[in-house]
Amino acid sequence: MASQFTVVFLILSLSTVLVIGEDHGFGRILDMKLLGLKEEKLSHFQFYWHDIVSGRNPTSVPVVRPPQNTSTFGFVGMIDDPLTLGPKVSSKLVGRAQGFYAFASQQEMSLLMVMNFAFIEGKYNSSTITVLGRDSVFDSMREMPVIGGSGLFRFSRGYAQERTHTFDPKTKDAIVEYNVYVLHY
């Protein structure tokens, strides 16, 4: 009886490892189908990012100011910027860019960008695309990696291209066009 139990236990244990994946102690390889992951899709999103630092209701606020002896190096700003279909802030709102940026170069105007594109429209409502990368603001076109997301964008990857649409040197307000390419399930 005990030997039959042992044999059944071993068979069940082996089949569990085969179904769930190979066990490495702290991690294991999983069958993607068990997580509901199917064939990858490539999606393209185009929208405008409105970074508003002026006025009574800014969408970007300073969190850390740089030391007095530097220009912008060390500045950190928290953002909750609108994402719209067109370049006017009154265009249809499709989401918000939430996160922060920091001036990360002592020699040039270069930002470390860390943000979630949090969508509020259609089937993408409540899903996010996460971007983390370097933004050399004076380059005509920049690219940053998509490092993940949530909701419909779990396990996603890709890249975001950005071009400055307008920048007001007096107010420091900026409108940037984003084209985001995302591989997701």
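Reader: Start with Arg142 and Asp135. Buried or exposed?
Author: This is a predicted model, to be clear. In it, Arg142 is buried, and Asp135 is buried too.
Reader: What do Arg142 and Asp135 form, and how far apart are the closest N and O atoms?
Author: A salt bridge, with 2.8 Å between the closest N and O atoms.
Reader: Which residues are linked in a network with them?
Author: Glu162. Salt bridges link Asp135, Arg142 and Glu162 in a network.
Reader: How many salt bridges does the structure hold?
Author: Six.
Reader: OK, next one. What does Arg157 pair with?
Author: Glu40. Their closest N and O atoms are 2.4 Å apart, and the pair is a salt bridge. It links distant parts of the chain, 117 residues apart. Arg157 is in strand 8, while Glu40 is in the loop between helix 1 and strand 1.
Reader: Why does Arg157 count as partly exposed?
Author: Because its relative accessibility is 41%. Glu40 is also partly exposed, at 29% relative accessible area.
Reader: Switching to Asp80. Which side chain does it meet in a salt bridge?
Author: Arg96, at 2.9 Å, N to O.
Reader: Where do Asp80 and Arg96 lie?
Author: Asp80 is in strand 3, residues 76-84, and Arg96 is in strand 4, residues 93-103. The two are 16 residues apart.
Reader: And what is the relative accessible area of Asp80?
Author: 31%, so Asp80 is partly exposed. Arg96 counts as partly exposed as well, at 23% relative accessibility.

Key. Residues numbered from 1 in each chain as written. Predicted model: local features only at pLDDT ≥ 70, side-chain atom pairs only at ≥ 80, totals over all residues. Heavy atoms only, no water. Salt bridge = Lys/Arg side-chain N within 4 Å of Asp/Glu carboxyl O. Helix = DSSP H or I, 4+ residues; strand = E, 2+ residues; numbered from the N terminus. Buried < 20%, exposed > 50% of the residue type's maximum accessible area, 1.4 Å probe, protein only.
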